[in-house]
Amino acid sequence: MSGHDSKYFSTTKKGEIPELKEELNSQYKDKRKDAVKKVIAAMTVGKDVSSLFTDVVNCMQTENLELKKLVYLYLINYAKSQPDLAILAVNTFVKDSQDPNPLIRALAVRTMGCIRVDKITEYLCDPLQRCLKDDDPYVRKTAAICVAKLYDINAELVEDRGFLESLKDLISDNNPMVVANAVAALAEIQENSNRPIFEMTSHTLTKLLTALNECTEWGQVFILDALSRYKAADAREAENIVERVTPRLQHANCAVVLSAVKMILQQMELITSTDVVRNLCKKMAPPLVTLLSAEPEIQYVALRNINLIVQRRPTILAHEIKVFFCKYNDPIYVKMEKLEIMIKLASDRNIDQVLLEFKEYATEVDVDFVRKAVRAIGRCAIKLERAAERCITVLLELIKIKVNYVVQEAIIVIKDIFRRYPNTYESIIATLCESLDTLDEPEAKASMIWIIGEYAERIDNADELLESFLESFPEEPAHVQLQLLTATVKLFLKKPTEGPQQMIQVVLNNATVETDNPDLRDRAYIYWRLLSTDPEAAKDVVLAEKPVISDDSNLLDSSLLDELLANIATLSSVYHKPPEAFVTRVKTSSPRPED
Amino acid sequence: MIQFVLLISRQGKVRLTKWYSPYTQKERTKVLRELSGVILARGPKLCNFVEWREYKVVYKRYASLYFCMCIDQDDNELEVLEIIHHFVEILDRYFGSVCELDLIFNFHKAYYILDELLIAGELQESSKKTVARLIAAQDSLVETAKEQASSISNMIAQATK
Amino acid sequence: MNPFSSGTRLRDMIRAIRACKTAAEERGVVRKECAAIRAAINENDNDYRHRNLAKLMFIHMLGYPTHFGQMECLKLIASAGFPEKRIGYLGLMLLLDERQEVLMLVTNSLKQDLNHSNQYIVGLALCAMGNICSAEMARDLAPEVERLLQFRDPNIRKKAALCSIRIIKKVPELAENFINPAAALLREKHHGVLITGVQLCTELCKASEEALEYFRMKCTEGLVKTLKDLVNSPYAPEYDIAGITDPFLHIRLLKLLRVLGQGDEDASECMNDILAQVATKTESNKNAGNAILYECVATIMSIEDNGGLRVLAINILGRFLSNRDNNIRYVALNMLMRAITVDAQAVQRHRATILECVKDLDASIRKRALELVYVLVNESNVKPLTKELIDYLEVSDQDFKGDLTAKICSLVKKFSPEKIWYIDQMLKVLSEAGNFVKDEVWHAVIVVITNSPDLHGYAVRALYRALQTSADQETLVRVAVWCIGEYGDMLVNNIGMLDVEDPITVTESDAVDIIEIALKHHTSDLTTKAMALIALLKLSSRFPSCSERIKEIVVQYKGSLVLELQQRSIELNSIIAKHQNIRSTLVERMPTLDLLEWEEKQSGSIPN
Amino acid sequence: MAGAVSGLFLLDIKGRVLIWRDYRGDVSAVQAERFFTKLIEKEVDAESHDPVVHDNGVSYMFLQHNNVYLMAASRQNCNAASILFFLHRIVDVFKHYFEELEEESLRDNFVVVYELLDEMMDFGYPQFTEAKILSEFIKTDAYRMEVNQRPPMAVTNAVSWRSEGIRYKKNEVFLDVVESVNILVNSNGQIIRSDVVGALKMRTYLSGMPECKLGLNDRVLLEAQGRTTKGKAIDLEDIKFHQCVRLARFENDRTISFVPPDGAFDLMTYRLSTQVKPLIWVEAQIERHSKSRIEILVKARSQFKERSTATNVEIEVPVQTDATNPNIRTSLGSATYAPENDALMWKIRSFPGGKEYMLRAEFHLPSVTAEEATPERKAPIRVKFEIPYFTVSGIQVRYLKIIEKSGYQALPWVRYITMAGEYELRLI
């Protein structure tokens with residue numbers, strides 16, 4: 001069928017490349033420039049125009065800045081695939097790096113650093129050396145970053161040629177932009193090196209704090225991020241640093257604010273005066289709250305960070321829970337994070353209002369959000385003993401609406417509430433049992449089964465209820481099977497009558513010779529052996545008293561929290577994972593993944 | 001049996017859907033999203049068949065448009081390619097060098113043509129000429145009715161002047 | 001005048017929608033338009049009803065709700081004119097389907113239109129019925145459709161034939177009413193009627209044994225002749241595709257012949273010649289020809305045995321398989337799958353080519369080829385084929401790994417010549433793609449290991465080693481955790497060493513370490529953690545010196561929020577702390593699940 | 001802690017790459033595109049995705065603007081807040097250049113886009129995002145001839161937002177004090193959140209390098225200066241300044257001093273979380289007369305002093321998505337059905353203080369219901385309004401001094417206005 005169908009709906013052109021080739025070699029400047037534009041346009045839409053390499057490079061020697069930029073762009077894209085031809089461009093680069101116009105000097109050194117071809121890198125050293133000492137700060141700030149580029153391609157070369165020293169010198173540059181870029185470059189190089197290169201001394205600290213006041217917002221972020229590695233000698237130095245950084249909380253750029261918060265939190269660990277600490281907490285609250293008026297994407301990052309901050313310093317936002325109430329038009333990802341923080345900030349004082357909110361959310365449209373709201377109610381119950389009863393009341397009200405996923409979610413949390421407050425709320429079991437046959441999610445089923453087993457002695461028809469689950473034993477997912485097994489053993493131990501005795505036979509049979517799940521079989525055989533060797537011991541083992549569960553399920557462990565707090569504003573703080581969990585160093589000079 | 005016919009543009013816009021088996025609106029959206037994801041991502045040299053759920057989808061790209069037909073496991077994939085082409089040729093003749101815009105603004109015409117080609121998900125007619133003739137006859141019935149209507153309204157207008 | 005009647009033309013609405021830059025903007029335009037249409041509907045606006053419905057169809061196609069316009073279709077269908085009916089029926093087919101109750105209201109109109117004097121209106125009604133009728137409507141209107149199978153105009157007859165197909169599918173017991181009129185259609189000359197008639201007969205054969213017998217007896221010869229005439233017909237411009245007259249009809253005839261020939265020697269015999277002719281004479285340089293050949297091969301493979309024809313068919317498939325066109329290769333793989341039951345040897349000859357297809361760039365071809373390789377494996381070739389597949393596992397893309405591992409596991413289990421080989425292969429798979437392995441697979445690995453008493457030591461040591469390098473593969477971790485718990489004593493004492501092994505030094509505390517890591521590692525899921533707890537219990541008995549340390553670990557989970565972990569922790573703690581006397585009894589080696597018996601149970605041969 | 005972006009992608013609404021800039025060569029466009037297309041295909045609504053996602057070693061940070069996605073990909077632990085904010089800044093820069101940022105304007109201007117991406121970011125580090133300064137040396141085609149061939153001083157200056165040599169015949173400054181009232185009322189009628197966000201919006205048309213100093217009735221400042229503060233001074237919480245304001249100076253002595261950018265900018269924002277009485281209160285009653293007939297009664301009451309008047313009041317009352325032919329009557333203003341928002345829009349041009357007005361609406365629902373009727377989404381009532389010559393906080397600009405070495409006199413014009421921000425009242 002091929003061949004004759006291209007005529008339908010078709011608009012393709014043929015012979016584009018030869019045409020372009022011709023135009024690139026035109027004697028007219030304008031035509032050449034247009035041609036290069038067309039080449040870049042083709043490159044942009046993903047066409048392979050690498051075969052025009054020589055022709056494009058030939059257009060490089062030009063006074064026209066725009067044309068030059070386009071050719072450079074082309075080079076960055078294709079030099080890797082045509083390393084031998086790329087050498088042709090070196091002369092022009094070197095020449096451009098000495099152009100009287102700083103814009104062109106900077107452009108040359110910036111572009112050369114982006115061309116990851118070893119042969120070209122060698123030629124880069126001399127121009128780079130010159131540019132690091134250029135009169136124009138625009139060139140110097142570009143050269144500073146270029147050292148990091150070079151280090152990424154060939155670290156040895158950078159060390160051998162003394163670029164690190166030149167870069168360190170730039171920390172004392174009189175231009176704040178240059179300082180900021182030098183800091184960024186050094187921080188990156190340090191990250192990739194095993195030996196100390198960029199050590200933060202009190203001397204550099206002073207210089208950077210000075211530059212902080214004058215450089216651009218992005219530069220301030222580089223400097224603050226680098227400074228947050230600084231370990232103050234004592235409380236006094238820490239206080240001094242904090243004093244210099246606090247004004248940044250007033251910056252309109254939220255990244256500056258978050259980096260300043262990070263820095264202050266770091267130093268606060270050293271500060272001993274409770275007054276100072278209290279005062280700092282008071283100062284940080286308003287800017288953190290204001291972050292919630294930013295664009296939703298920023299709010300998201302802020303919320304993930306606030307989640308960490310309130311785990312370490314709950315007082316900061318203790319009185320601000322209302323700002324985390326969800327607005328109608330908040331994107332779902334913002335709502336989810338707000339909910340998380342509301343749970344963390346819920347207290348005996350505000351719980352009534354918070355519960356009202358959760359209840360509102362539990363009738364929204366988005367299923368995941370609703371589920372999370374229901375769980376949030378349960379988690380508040382676990383967290384706040386005095387509010388537990390009110391939380392349960394709300395959960396029961398929600399169960400009555402009989403929305404399937406709400407019921408299941410409620411049962412899951414109620415199981416935890418039972419484990420948190422034993423012998424307190426079991427009277428509601430009867431209500432829960434009414435929803436028994438609507439359960440279709442494994443976690444909810446497992447929870448309900450556990451409840452029946454655990455309270456078998458209080459539920460008159462516990463054996464009937466469990467039996468209703470037994471029929472489908474072989475088809476259930478493993479963790480429902482495991483709960484059924486344990487619950488049946490409990491029932492048998494508590495009511496060793498005929499019914500449960502038959503049931504335990506069925507279950508043990510199902511869980512030993514009718515399954516190949518090794519874990520289920522282990523559990524079943526151990527119970528079996530236990531029951532047949534020493535029934536009294538069995539009671540002691542299976543029905544052993546449970547310690548009350550704690551509510552710290554969503555608190556991170558302290559060393560991880562330390563690490564995450566040191567990473568505020570970064571991806572690590574967004575993922576709540578240490579950097580090494582998601583950063584896999586890919587040496588950038590290694591070949592690119594195949595396109 | 002053809003379960004459904006889809007026409008999707010390169011941009012993922014739906015240009016025609018015909019369902020010969022019942023799918024809820026929600027399922028339809030899901031099917032469209034799933035399939036356009038799979039099909040638009042396939043390279044040009046790969047085969048024209050995609051295995052999907054318990055069915056197969058035969059698709060063919062004409063410039064910016066993908067014609068897709070979902071068929072049973074044991075249907076003849078190569079024949080369905082011919083059916084797609086058959087449909088395209090009829091469209092081409094009807095519109096005179098058909099383009100995507102024709103199908104957008106005259107989507108109902110495309111459906112009329114499809115209804116002369118397939119019923120119940122089975123092939124109805126193997127002659128392009130016959131399909132063209134039947135469509136032309138029905139188009140002219142519509143034209144005649146329109147003319148009559150306008151002459152009547154003219155008459156009324158005249159009479160009530 | 002209705003204030004919302006925007007009165008825009010269809011064309012303008014489409015333009016406005018196309019001009020939208022974002023989904024939100026489009027939603028706005030559509031909602032406004034819908035509100036205007038609802039207003040017009042409410043006012044019973046006759047003049048613009050057809051236009052509004054056309055708009056709704058477009059809106060519906062974009063995925064927005066249009067339920068409020070359903071009644072409008074019915075009103076248009078009920079009007080007298082052809083233009084109204086035409087758009088009404090189109091709307092009906094697009095906006096509704098068989099599940100809507102509203103559809104029942106159209107039955108009467110349909111009945112009238114099926115009896116209309118204007119054949120085009122009859123055609124519209126048939127088309128709508130054929131596409132969306134429900135079982136109830138099918139029952140109500142079947143007699144009308146049956147009658148229309150003999151309508152004077154062939155274009156109505158063909159529509160009625162396809163409509164009958166839908167009726168039979170919805171209400172199979174109506175099939176016998178259609179047998180006679182359907183048989184009559186097979187004698188028609190009009191291609192449209194013939195092609196739809198053939199399809200109706202094919203469908204009837206599926207629905208009713210009686211129909212199958214009837215057509216087999218009465219029509220086989222006639223159909224063979226029809227096909228013969230078609231194959232030998234002179235050039236017919238109206239039906240010509242790539243030099244072949246009406247390939248569609250070819251294919252439908254071949255399909256019906258297949259149904260008739262299957263399981264009946266006489267009928268098969270009757271069609272031998274024409275099949276041979278189609279198989280040898282059909283041009284294979286264009287898709288249309290290949291489509292016919294493909295169908296013809298399918299028919300040859302299905303009808304009663306005729307050695308000569310089969311050779312022809314297998315040869316065609318061989319040619320297909322070596323074709324450069326991916327479509328042709330795909331259908332070849334597809335057909336070889338069916339051929340394997342007929343002539344496994346012939347398919348085996350293409351093994352190398354098929355194996356290459358498993359690594360093809362094209363996911364569709366890969367999937368087909370993998371299915372085929374799976375059925376090609378037997379005791380004699382399992383080793384090289386498995387090696388090929390496992391090697392490929394390393395480089396295959398993520399989406400494919402799930403299918404691939406499942407198939408490898410199943411093959412290895414089915415055909416492994418010796419258990420040690422099985423264990424080695426599975427370890428490779430688990431280490432390479434453990435995260436893609438399904439539950440039954442890793443369960444099976446443990447079942448096999450427990451069933452090989454002389455390999456317990458070997459397996460546990462191999463797993464211990466594998467864990468050092470591939471600790472991120474969840475199912476590998478589980479299998480290792482279980483084996484180390486069960487056979488920990490053999491791990492630390494190098495018990496049951498095979499000649500092929502190098503001894504390793506593992507202390508009791510090393511063994512506990514590795515379980516503790518599995519228990520605490522953040523990537524471990526609940527199942528792995530729960531299994532690690534049981535493994536610790538076993539080890540506390542096997543390594544009494546570590547008992548105290550193990551108790552320390554276990555006790556940490558007593559307050560766990562995770563139900564299963566808490567329950568286990570409490571039980572284990574109580575056993576270790578208070579019931580040491582029975583501990584060793586509780587965790588002595590677990591009874592083996594009898595491999596053969598279990599497999600038979602799985603395949604369902606022993607009812608339980 | 002160091003971390004930079006590997007590549008910046010501009011993608012169309014379906015997630016396909018329009019233009020991208022590779023900064024580090026360690027993320028491929030094909031891989032990024034494939035991942036992203038999959039991501040946005042999963043959900044109908046792109047807004048439901050977390051704006052930061054990780055896949056296979058690469059983190060993707062993105063936002064949507066019109067029919068364009070801006071996405072940054074990184075393999076390192078980069079500063080997510082900074083990068084996302086930077087993406088928003090890119091939007092601002094493109095808007096400054098092309099009026100609107102959308103697929104078409106990117107395609108039409110791809111050369112300039114490349115140039116800008118090269119200047120705004122280097123090796124994945126944000127560099128410079130002042131649109132006004134950028135446009136002095138990177139121009140669109142129409143202005144190519146006037147290109148300034150050197151980098152403006154401002155690019156590396158401490159004052160990076162203003163170029164030297166600006167001249168105006170008439171030197172003027174306009175200062176608008178705008179306060180937005182945010183309020184959230186729950187379905188019990190309780191006010192559960194309320195705050196005021198204020199902004200000082202400036203437009204400067206000043207020659208040379210003017211030094212400005214702004215004086216407010218800030219209690220902290222006045223008290224520090226030992227002045228009496230009876231009733232007039234106010235407490236501002238969380239003040240945020242434009243980068244031109246010297247923060248250290250403010251920290252020291254509460255002086256707001258700055259060299260302003262040329263043209264419009266937000267000098268400062270502040271927030272007040274003191275509970276305010278809702279300026280306009282709205283209540284709604286809904287009566288379902290039958291399955292298909294519904295009546296709504298809405299009351300709106302102004303709770304500010306009679307001498308003030310709210311203007312351009314807009315009350316949005318949600319209704320069902322398939323409402324038909326709403327029949328609406330109001331005691332003041334006009335109301336229309338706005339199907340695009342599934343709401344009734346009640347507009348009152350001038351709403352005096354201390355008054356109450358009503359709206360009554362009746363509408364029908366179709367007899368055939370939608371196949372998979374989604375649960376009724378409970379949208380709140382939303383209100384918009386402006387009250388000129390009035391601020392909730394009582395903030396006052398005491399002086400705005402402008403000093404330039406040429407010594408010209410510049411006139412400051414100050415206006416005050418209060419408006420509704422996020423003003424939501426949940427329906428009962």
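In chain C, helices H9 (residues 154-170) and H10 (residues 175-185) pack with their axes 11 Å apart, at an angle of about 155°. Angles over 145 degrees count as roughly antiparallel, so that is what H9(C) and H10(C) are to each other. Keep in mind that this is a predicted model.

- Handedness first: H9(C) and H10(C) cross in a left-handed way.
- On the H9(C) side, the contact is made by Ala161(C), Ser164(C), Ile167(C) and Ile168(C).
- H10(C) brings Ala175(C), Phe178(C) and Leu185(C) to that contact.
- Sort the contact residues of H9(C) and H10(C) by type and you get six nonpolar, one polar and no charged.

**Chain A overall**

- Taken along the principal axes, the C-alpha atoms of chain A fill a box of roughly 100 × 80 × 50 Å.

**The four-stranded sheet in chain D**

- Four strands of chain D form an open sheet in the order E14-E15-E20-E17, and the pairing is antiparallel.
- At the edges sit E14 (280-290) and E17 (324-330) of chain D, each of which pairs on one side only.
- From one strand to the next, the twist averages 15°.
- E14(D) pairs with E15 (residues 293-302) of chain D through 10 bridges, in the antiparallel sense.

- E23 (residues 411-425) of chain D pairs in the parallel sense with E8 (residues 172-185) of chain D, over 13 bridges.
- As a landmark for E23(D), take Thr418(D), which has Glu179(D) standing opposite.
- E21 (residues 381-388) of chain D runs antiparallel to E23(D), and five bridges join the two.
- Here the landmark is Pro388(D), which stands opposite Ile417(D) in E23(D).
- Either way, the general rule holds that strands of a sheet pair through backbone hydrogen bonds, parallel or antiparallel.

Conventions:
Residues numbered from 1 in each chain as written. Chains lettered and ligands numbered in written order. Predicted model: local features only at pLDDT ≥ 70, side-chain atom pairs only at ≥ 80, totals over all residues. Heavy atoms only, no water. Pairing = 2+ DSSP bridges. Axes fitted to C-alpha atoms, helices over the stretch in contact; angles between N-to-C directions. Parallel < 35°, antiparallel > 145°, perpendicular 65-115°, else oblique. Left-handed = near helix turned anticlockwise from the far one by under 90°. Contact = heavy atoms within 4.5 Å. Nonpolar A, V, L, I, M, F, W, Y, C, P; charged D, E, K, R; others polar.
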